[in-house]
Amino acid sequence: MRTLYHFWISPACRKIRLSLNEKGLKYDLVVEKEWERRDAFLSLNPAGEVPVLEDENGVIIADSQAIIEYLEETYEETPLLPKEAKDRAEVRRIMGWFDHKFQREVTDNLVDEKIMKRLTRTGTPNTAAIRAGHHNIHYHLDYISYLIERRSWLAGEEFSLADISAASQLSAVDYLGDVPWEQHPTAKVWYSRIKSRPTFRSLLADNLPGMPAPKHYADLDF
Ligand SMILES: N[C@@H](CCC(=O)N[C@@H](CS)C(=O)NCC(=O)O)C(=O)O
C-alpha cells in the first residue's frame, strides 16, 4: 500500500494529498508530529520534514516538490501539468509563488503562530507577525482575482498544480477563519470551485484534536 507521512494543517502535505486524490491514487495517511523527531521518521527523511511518500513499490520520496514531480512522471494518466513548456513554466511560477512567497508572508505568520506554536509548545503567538499575515493576505487574494479575471484557472484554461498549491495554502489559513473572502469575491468563487471538487473532500474533513475547524471551513456555500 502507498503511505503518506503528513500533518493535517501542513500546506506542503495538503498539496500531495490533493495531487494523489486528483490522480485517483489510493494511500494510507500516517500522522507524523515531525517536531518529535522520531528516529524511524528521520531514517525516512533526515531533513525531519513532512510530507514523505512511501510508494507501493517501496520507493521513499521526501520534499513536496520532489514528490510532485515523481507523481507526474510515474502516473501520467491524469497530468496536473500542461503539455507546452511555456505553460508548464507558468504553472511552476505560480506554484513557487504560493509554496514560498504566500507561505512566508501569510501562512507562517498565521498558521505557525496560532497553531504550530501551540502544538509544539514553542512559545506564545507573535502579535506583530499575526498582524502582518492579516495585512499581506489581501495582496495575494488580489493577485488571485487578477489571474481569474483573465483565465479559467490560475495558470490557464486547465485546472493544474498551480490551483492545488494555492488552495493548499489558503485551506490551511481558512481553517483558522483568517481568509477575508467577503472582501475578495472573485477569489472566493475560484476557491468555492475547488472546494466543491470531490478530491478536496478529505481536506474538509480534517479536524485537529483540540482545535475544531470553524463552521464555514467545510461548508461548500460559505
Ligand atoms: N521543502 C519541504 C518543506 C516542507 C515543510 O516545511 N514541512 C513542515 C511542515 S509544513 C515541516 O515538516 N517542518 C518541520 C521542520 O521544519 O523541522 C517540502 O516542500 O516538502
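This report walks through the sheet and several helices of a predicted model.

## The sheet

Let's start with the strands. Four of them form an open sheet with mixed pairing, running in the order β2-β1-β3-β4. The edges belong to β2 (28-31) and β4 (60-62); each has a single partner strand, so one side of each has no neighbour in the sheet. Ignoring direction, neighbouring strands are turned by 20 degrees against each other on average.

Zooming in on one pair, β1 (residues 3-6) runs parallel to β2, and four bridges link the two. Within that pairing, Leu-4 sits opposite Leu-29 of β2.

## Helices on the sheet

Two helices to look at here. Helix α1 (residues 11-22) packs on the sheet and touches β1, β2 and β3 (52-54). Its direction makes about 155 degrees with that of β1. Helix α3 (residues 64-74) also packs on the sheet, but its contacts are with β3 and β4, and its direction makes about 130 degrees with that of β4.

## A closer look at α1

From first C-alpha to last, the twelve residues of α1 reach 16 Å, close to the 16 Å expected at 1.5 Å a residue. Eleven of those twelve residues are buried, so α1 is largely enclosed by the rest of the structure. Just past the end of the helix, Gly-24 takes a positive phi of about 70 degrees.

## Helix α5 and its neighbours

Next up is α5 (residues 127-148), with 22 residues. It reaches 32 Å between its first and last C-alpha, close to the 32 Å expected at 1.5 Å a residue. At its start, a side-chain oxygen of Asn-126 comes to within 2.8 Å of the backbone nitrogen of Ala-128.

What do they pack against?

## Where α6 crosses α7

Two of those partners also meet each other. The axes of α6 and α7 come within 11 Å and cross at roughly 95 degrees, which means α6 is roughly perpendicular to α7. On the α6 side, the contact involves Asp-163, Ala-166, Ala-167, Leu-170, Ser-171 and Asp-174. Facing them from α7 are Trp-190, Tyr-191, Ile-194 and Lys-195.

Notes:
Residues numbered from 1 in each chain as written. Predicted model: local features only at pLDDT ≥ 70, side-chain atom pairs only at ≥ 80, totals over all residues. Heavy atoms only, no water. Pairing = 2+ DSSP bridges. Axes fitted to C-alpha atoms, helices over the stretch in contact; angles between N-to-C directions. Contact = heavy atoms within 4.5 Å. Expected span 1.5 Å × (residues − 1). Polar contact = N/O pair within 3.5 Å; in protein donor to acceptor, adjacent residues only side chain to side chain. Parallel < 35°, antiparallel > 145°, perpendicular 65-115°, else oblique. Buried < 20%, exposed > 50% of the residue type's maximum accessible area, 1.4 Å probe, protein only.
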